[in-house]
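Colleague: I would like to learn how to read a pair of packed helices. Please take me through one case.

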Amino acid sequence: MSDAGGESAGESAQGEVRQRILTGVRPTGPLHLGHYAGALENWLRLQDEYDCFFLIADYQVSDYASDIDVVRRGVLEVALDWLAVGLDPEESHFVIESHVPEHAELTVWLSWWISLGRLERNPTLKAEIAELESRSDAAVPVAFFTYPVMQVANILLPRAHLVPTGEDQSPHIELTREVARRFNRRFGYTFPVPSGLVGRVPRLVGTDGSAKMGKSAGNAIDLGDESDVVTAKVMGMYTDPTRLRATDPGHVEGNPVFMYHDAFNPDTAEVDDLKERYRGGRVGDVEVKRKLAAALNAFLDPIRERRSHYGARPKLVRDALASGTEHARAVGRETMGDVRSALRLDDIGGA
């Protein structure tokens, strides 16, 4: 892994300069199939092509303020899941957000040029505030309004060119692009204007058919779930509510079980056959679900094996976090030096 005294940021061992990626997740618990389909699959594909910064955004979990232990555990759980799916800390950088104070410093400066009204128009932020208010009597904390600004700082601090993310994060990417352009126009070129990249499966529904898979909703299949747990969750999945008997013609479109088949079952001939028979009332939900459980467990087996390997060697997990965070800190200091120069902060007290 590169450090401040090694190869320049974004430079490979062969001397070629690679563009940068910044992306990440909040440490609120184990990662699930939705994270894989919407993000991790892309990260794995891109980690050999880009200089990747994978961020554990522990500043951005103010909705867990009453249970901070979840966040502490979540940092290690996320890193463990990243290693389990095959992300390589020798090629990429695993970064703990709060251990790079330059994230917070850049957030403060950028907040000067982002209006409250602009934040309030963000549909993702509005949805998250509504969700928080629906499950808590507590007032919405200020951090809910500052975290979108921090997401902009997260992307701009390593001067990322590409942000692989879920569909629901697209508004944050657009805000980042606006801020980068505005800063560059006013103070001279400082930041690349990043592009977003949505995963192959923009949004994987929950096992209960709801729009979003999540731990708090109890509708997620975690990457670390044992095979019997996966099978039980699949057998309890929501399907076509209009279908009362196996002989009734069923709907494939919008059916969560078939969405998961499309996303994770590599046997497309089997999936096509199941769809045809389902539409014709010639296969029951039980068979469709059993074949999905088999496909998911085959997909998860190597992930579980690697997770067990790293789980028994916690020092490897901590070393990956320490090395990646140290590298990100060095990059952050360089960026903030350029930001202060652009803002002429070093001229204070001068002519």
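Colleague: Is the crossing of α10 and α11 left-handed or right-handed?

Modeller: A crossing counts as left-handed if the near helix is turned anticlockwise from the far one by less than a right angle, and as right-handed if clockwise. The crossing of α10 and α11 is left-handed. Helices (H or I, at least four residues) are DSSP runs numbered from the N terminus, as are strands (E, at least two).

Colleague: Which residues make the contact?

Modeller: Contact means heavy atoms within 4.5 Å. Helix α10 contributes E270, L274, R277 and Y278, and α11 contributes D285, E287, V288 and K291.

Colleague: What is the angle between α10 and α11?

Modeller: Axes are lines fitted to C-alpha atoms, for helices over the stretch in contact, and angles run from 0 to 180 degrees between N-to-C directions. Helix α10 (residues 268-279) and helix α11 (residues 285-311) pack at about 165 degrees, with axes 11 Å apart. Angles under 35 degrees count as roughly parallel, over 145 as roughly antiparallel, 65 to 115 as roughly perpendicular and the rest as oblique. Therefore α10 and α11 are roughly antiparallel.

Colleague: How many helices and strands are there in the protein chain?

Modeller: The chain has 12 helices and 5 strands.

Colleague: What is the mean pLDDT of the chain?

Modeller: pLDDT is the predictor's confidence in each residue, from 0 to 100. The mean is 89, and 93% of residues reach 70 or more. Over residues 1-9 the pLDDT is below 50, and this stretch has 15 contacts beyond near neighbours in sequence.

Modeller: This is a predicted model: local features need pLDDT of at least 70, side-chain atom pairs count only at pLDDT 80 or more, and totals for chains, interfaces and linings use all residues. Residues are numbered from 1 along each chain as its sequence is written, and side-chain values use heavy atoms, leaving out hydrogens and water.
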